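Visitor: I would like to learn how to read an assembly of chains, starting from one chain and moving on to an interface. Could you walk me through it?

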Protein chains: 10
Amino acid sequence: MLFHVRMDVQLPHDMPADRAATLKADEKARFQALQRSGQWRHIWRIVGQYSNVSVFDVDSPTQLHDLLMSLPLFPYMRIDVMPLCRHPSSLHDDDR
Amino acid sequence: MLFHVRMDVQLPHDMPADRAATLKADEKARFQALQRSGQWRHIWRIVGQYSNVSVFDVDSPTQLHDLLMSLPLFPYMRIDVMPLCRHPSSLHDDDR
Amino acid sequence: MLFHVRMDVQLPHDMPADRAATLKADEKARFQALQRSGQWRHIWRIVGQYSNVSVFDVDSPTQLHDLLMSLPLFPYMRIDVMPLCRHPSSLHDDDR
Amino acid sequence: MLFHVRMDVQLPHDMPADRAATLKADEKARFQALQRSGQWRHIWRIVGQYSNVSVFDVDSPTQLHDLLMSLPLFPYMRIDVMPLCRHPSSLHDDDR
Amino acid sequence: MLFHVRMDVQLPHDMPADRAATLKADEKARFQALQRSGQWRHIWRIVGQYSNVSVFDVDSPTQLHDLLMSLPLFPYMRIDVMPLCRHPSSLHDDDR
Amino acid sequence: MLFHVRMDVQLPHDMPADRAATLKADEKARFQALQRSGQWRHIWRIVGQYSNVSVFDVDSPTQLHDLLMSLPLFPYMRIDVMPLCRHPSSLHDDDR
Amino acid sequence: MLFHVRMDVQLPHDMPADRAATLKADEKARFQALQRSGQWRHIWRIVGQYSNVSVFDVDSPTQLHDLLMSLPLFPYMRIDVMPLCRHPSSLHDDDR
Amino acid sequence: MLFHVRMDVQLPHDMPADRAATLKADEKARFQALQRSGQWRHIWRIVGQYSNVSVFDVDSPTQLHDLLMSLPLFPYMRIDVMPLCRHPSSLHDDDR
Amino acid sequence: MLFHVRMDVQLPHDMPADRAATLKADEKARFQALQRSGQWRHIWRIVGQYSNVSVFDVDSPTQLHDLLMSLPLFPYMRIDVMPLCRHPSSLHDDDR
Amino acid sequence: MLFHVRMDVQLPHDMPADRAATLKADEKARFQALQRSGQWRHIWRIVGQYSNVSVFDVDSPTQLHDLLMSLPLFPYMRIDVMPLCRHPSSLHDDDR
């Protein structure tokens, strides 16, 4: 099932640069693992923002919550979640 | 280039049923033509809303505006547009 | 899976009384069928509002959307949906 | 009587990890005592948030206030309270 | 127990004057009965608004909901309810 | 004349405990003096909030401002003021 | 005593032109009487809005409420009121 | 002097098509006259909206207000005005 | 030309008292110079707020910006500006 | 293609003065390079704010994102982006 997730990142201005770099590298690694598994189905950067719009494909809301909580940047993000469903007019087989 | 578009539809309660049916049928036809052309790249229904979240793939902001203006339900929709770009961590070739 | 749903009802002031009465009776029947099936797990009235807070237990977001769309009062409601999951500290077996 | 309570937790980023761990353990113990007593009737995690939606069953608004003030995380939470009442259409005997 | 209630009234501009007059007279009579019973403990007009701020003294949230639903102007009001409790510093015996 | 005042208190998390205790004791003393003088006519705690709803009875807006500025917690409060007047339907002689 | 008042006017689009003209002429006459009496101390148009920002000089909040309720356009206005007081740094004798 | 103006147009759904066409033609003529005079210095359509963002170059706020009030669509627009000034870093002579 | 300006001041809680006192004294001196010159035409304190509502009389938006930037408290203020113009119904010669 | 961008700058109060001066000088240099290249087509200061309204002329949303990310003040700015297109009534050849 699909969920629309928007994440806005705000790192504290006084975070040491190496701490920020480690967090971002860990976040990237975690993201790519989830992208490879197909659970992080889409991601786009919002122009001009340290934010992304994503679509997750998961087995349950609980699984989505666990995935989001596992993100290294979770403590520094504002997250909005909207459940999605297939649009009745869509012609695409996999555009759930 | 990609744009994130949210559309919230609100038909007047006193619109005659056949007028509403015609509008919806025209909207569906127009949507499917744009989906087939690849310009309406993604569409999902937001659960519990007469709303959709979509991603358009167009040549310019002007083209996007013309497409949105051409929708039969345009006068009855609130539309929010956000420009998107490829996320630097993405592994997908076409996940612009 | 569980979803938190808030519904705010606003009937047009000029709706004929018998039309409103029919809609409300149909809504009540539909609600009770869903309550009996266990899908409309909880419902409470918000004090001072023509609104309710509900918890649905469904198989998928799509099923929830279809249930909400099937409500006779759907065209007259503002609906907000939040996916829920079990709280890690809960002692209740079925308090998912 | 029932109250709908939403709690959003925001711990300061510079809180020492052991201080946060102690607070969370104390909060969990206090929560479970209130869940066992039946006063904290329902709790759910909101997907993607360090937040919960709860329903309290208390003897008075004053009792609810005292319970909320007694939570170890109270100073770090934004709390919204809505009084609830039984929905007139409900078939459940105890779904007050 | 006490509840803080704000009511904002908005009559449709096209309501016939005699219908509005009847509604207001009925509202006044209902209000005064509740004021005499002590349930509508305080009422004040907000300067410049067709609105009031009130404090109700009722036996339960359910009773408050029933009182508010019984107001003739209920369909034309936006209502906000906040549960109150005695302030710990207060010296007044009955300033619950 | 009467004014409706809502105060939301937010002490910095890093304020030393004895500083907070002194401030609260001073606030309580100042409040009780104003309650005894009749200027702080009503006060209630909002359930679940470190906030109060109050009604002041003062000689002028200037006097109200001076009273509010004199509160020890003033620098840590968000304050909203609404002028009130007697409701035309009220039966109470002193319910200005 | 002084009050800051903002008024936003919204006439229904289907109000007959002569009805609107009469209302506006009555409003102007009422306004000018209050300006001559000194109670409507200042008025300015907000650029680009059918709105004004005003300062009233009245004997009490009740008097202000009665003045505002007496305006012919009152049913078509959104009104926001803020009590003012003399700024401690002001050098003007009458800039209360 | 320059002002940033955003205009959002909302025509009533029941406006007759010829009335709307006349209004739009009149608006276009008035706009082009003001563009030729240099007072309506810039205009852009916001993608997906029946809205524009404009920059006016006028002699005074009063002149701007009179220009905006003279627009045939004024009664159907929401207008937001912000005064602008030259950016201190700008290299353009006429980019006031 | 006239501009309506609202200023909300928020000094950091950890600003040393003498630094705050110096800033406020400098602000007062600057304010009084501008009041004497006639550019800071009106100022009022908003009751219960560390805020003021002011009317400036300046030669241009640029001059207003330079005046506001020159205020010692500028870095600690939230400022909202609205251009004003003479109200067409006003009888006052200088109530621009 | 054109984008409307609003930037609101908020430097931390405890940033050392020389750090702030360096950041602003770097920002100015970067801005002027982009203004010379034609990509930062317009910029205006909003009166009373440490904010600007700008219009960018870029080849793609991605290019705009990269330009904004390259600004030295990016971590201290809130940025809002709206895609623009030529207004159909415009007479200007280059007023895209």
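This is a predicted model: local features need pLDDT of at least 70, side-chain atom pairs count only at pLDDT 80 or more; totals for chains, interfaces and linings use all residues.

Guide: Gladly. Read from the N terminus on, chain A has its elements in the order β-α-β-β-α-β, which comes to two helices and four strands.

Visitor: What box do the C-alpha atoms of chain A fill?

Guide: Taken along the principal axes, the box is roughly 50 × 25 × 20 Å.

Visitor: Now to pairs of chains. How are chain A and chain B related?

Guide: The general idea is that two copies of a chain are related by a rotation about an axis and a shift along it. In this case, chain B is superposed on chain A by a rotation of 180° with 0.0 Å of shift along the axis, at an RMSD of 0.0 Å. The two copies are therefore related as by a two-fold rotation axis. The same surface serves both copies, since 100% of the contact residues of chain B recur in chain A.

Visitor: How many residues of each chain are in contact, and how much area is buried?

Guide: On the side of chain B, 31 residues are in contact with 31 residues of chain A. Between them the two chains bury about 2,800 Å², with 62% of it on carbon and sulfur atoms. In chain B, the residues that lose the most area to chain A are B:Trp44, B:Arg45 and B:His87, together 24% of what that side buries.

Visitor: Which elements of chain B supply the side that touches chain A?

Guide: At least two residues each come from β1 (2–9), α1 (17–37), β2 (40–46), β3 (51–57) and β4 (77–86) of chain B. The largest share, six residues, comes from β2(B). Sorted by class, this side has 14 nonpolar, nine polar and eight charged residues.

Visitor: And how many salt bridges and polar contacts are there between chain B and chain A?

Guide: The count of salt bridges is zero, whereas 13 residue pairs, both residues at pLDDT 80 or more, are in polar contact across the interface.

Visitor: Which strand of chain A is joined to β2(B) by bridges?

Guide: Strand β4 of chain A, residues 77–86, is joined to β2(B) by three bridges, and the two run antiparallel. As one pairing to look for, A:Cys85 has B:Arg45 as its bridge partner in β2(B). B:Arg45 is also among the residues of chain B that lose the most area to chain A.

Visitor: How far apart are the nearest C-alpha atoms of chain D and chain I?

Guide: They are 17 Å apart, and chain D and chain I do not touch. Chain G and chain J do not touch either, with their nearest C-alpha atoms 15 Å apart.

Definitions and conventions: Residues are numbered from 1 along each chain as its sequence is written. Chains are lettered from A and ligands numbered from 1 in the order in which they are written. Side-chain values use heavy atoms; hydrogens and water are left out. Copies are superposed by least squares on the C-alpha atoms of residues with pLDDT of at least 70 in both. Contact means heavy atoms within 4.5 Å. Buried area is the accessible area (1.4 Å probe) that two parts lose on being put together, summed over both. A salt bridge is a side-chain nitrogen of Lys or Arg within 4 Å of a carboxyl oxygen of Asp or Glu. A polar contact is a pair of N or O atoms within 3.5 Å; within protein, one must be able to donate a hydrogen and the other to accept it, and residues adjacent in sequence count only if both atoms are side-chain atoms. Ala, Val, Leu, Ile, Met, Phe, Trp, Tyr, Cys and Pro count as nonpolar, Asp, Glu, Lys and Arg as charged, and the others, Gly among them, as polar. Two strands pair if DSSP finds at least two bridges between them.
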